[in-house]
Amino acid sequence: MAEFLLDPVQAARLHRRLGDDLQRMNDLMEQVKIVLCDMGNALTVLYGINHFTCDAWIWPLDVKWTTITGYFGDERGTWVHEGVDIAVPLGQPVYAPHAGVVISAKFNAAYGNRVRLEWSQEGVRWWVWLAHLISIAVIEGHAVMPGDVIGLSGETGNATGPHLHMTVQCESNHELLRGIPEVLRGCINPLTVLSIP
Ligand SMILES: [Zn+2]
């Protein structure tokens, strides 16, 4: 009967190599997961396929920034505020609050540097705007995961101090839009889908 014995040096080398291989495989699986998620999110936007959405909302800033300085529906003279304002110093990372595709990432006179994300969920299209950024880290067509950095906080556009403005919109006839006045154009209170951490 043959015996298969490894000397300790060989055994240690084999063990190490196995560990390295497993680690590499693990890293690869992580990348595959991200790619699948991105593809899934892109499909929801392009074809309205909803089988694969990474449906989770996360706070768009580090959890230490939670002070709301402007609420949904605030009267502001000639217009009504259609999102929330969160106080945050300049240059803090701003995270995608939901998986989606970047449909616009550019400067706007009122909103400053603004990123707009879109996705589809149960047949309904959704949009989020993140505004007044000092810089933008994504380009149109990018698929993002919740928590991906889309830019850095700022006070560009019509802002009286550094803060993040967030608007959440969903397609007409969504039940969340019931009772919301026309002046708010398909926007819902972001704090109905996103809780303050
Ligand atoms: Zn605002």
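Which residues of the largest nonpolar core touch the most other members?

## Nonpolar core

In this predicted model, Val-115, Leu-117 and Leu-130 touch the most other members of the largest nonpolar core, which holds 30 residues; such a core is a set of buried Ala, Val, Leu, Ile, Met, Phe, Trp, Tyr and Cys residues joined through C-beta atoms within 7 Å. At least two residues of this core come from each of β4 (84–87), β5, β6 (100–108), β7 (112–121), β8 (124–133), β10 (143–144), β12 (163–170) and β13 (187–188), and β8 gives the most, with 5 residues.

Leaving aside residues up to four places away in sequence, Val-115 touches Val-102, Ala-105, Leu-130, Leu-133, Ile-136, Val-138, Ile-150 and Gly-151, where contact requires C-beta atoms, placed from the backbone, within 7 Å.

## Three-stranded sheet

An open sheet of 3 strands runs in the order β5-β11-β9 with antiparallel pairing. Because β5 (93–95) and β9 (135–136) stand at the edges with a single partner strand each, one side of each is left without a neighbour in the sheet. Strand β11 (residues 149–152) pairs with β9 over 2 bridges, pairing being assigned if DSSP finds at least two bridges between two strands, and Ile-136 stands opposite Gly-151 in β11.

## Whole chain and basis

The protein chain has 2 helices and 13 strands, taken as DSSP runs (H or I, at least four residues; E, at least two) numbered from the N terminus. Of its 197 residues, 27% count as buried, that is, with 20 or more other C-beta atoms within 10 Å of their own.

Residues are numbered from 1 along each chain as its sequence is written. Local features need pLDDT of at least 70 and side-chain atom pairs count only at pLDDT 80 or more, whereas totals for chains, interfaces and linings use all residues.

Note on methods. Buried ≥ 20, exposed ≤ 12 C-beta atoms within 10 Å, placed from the backbone. Contact = placed C-beta atoms within 7 Å.
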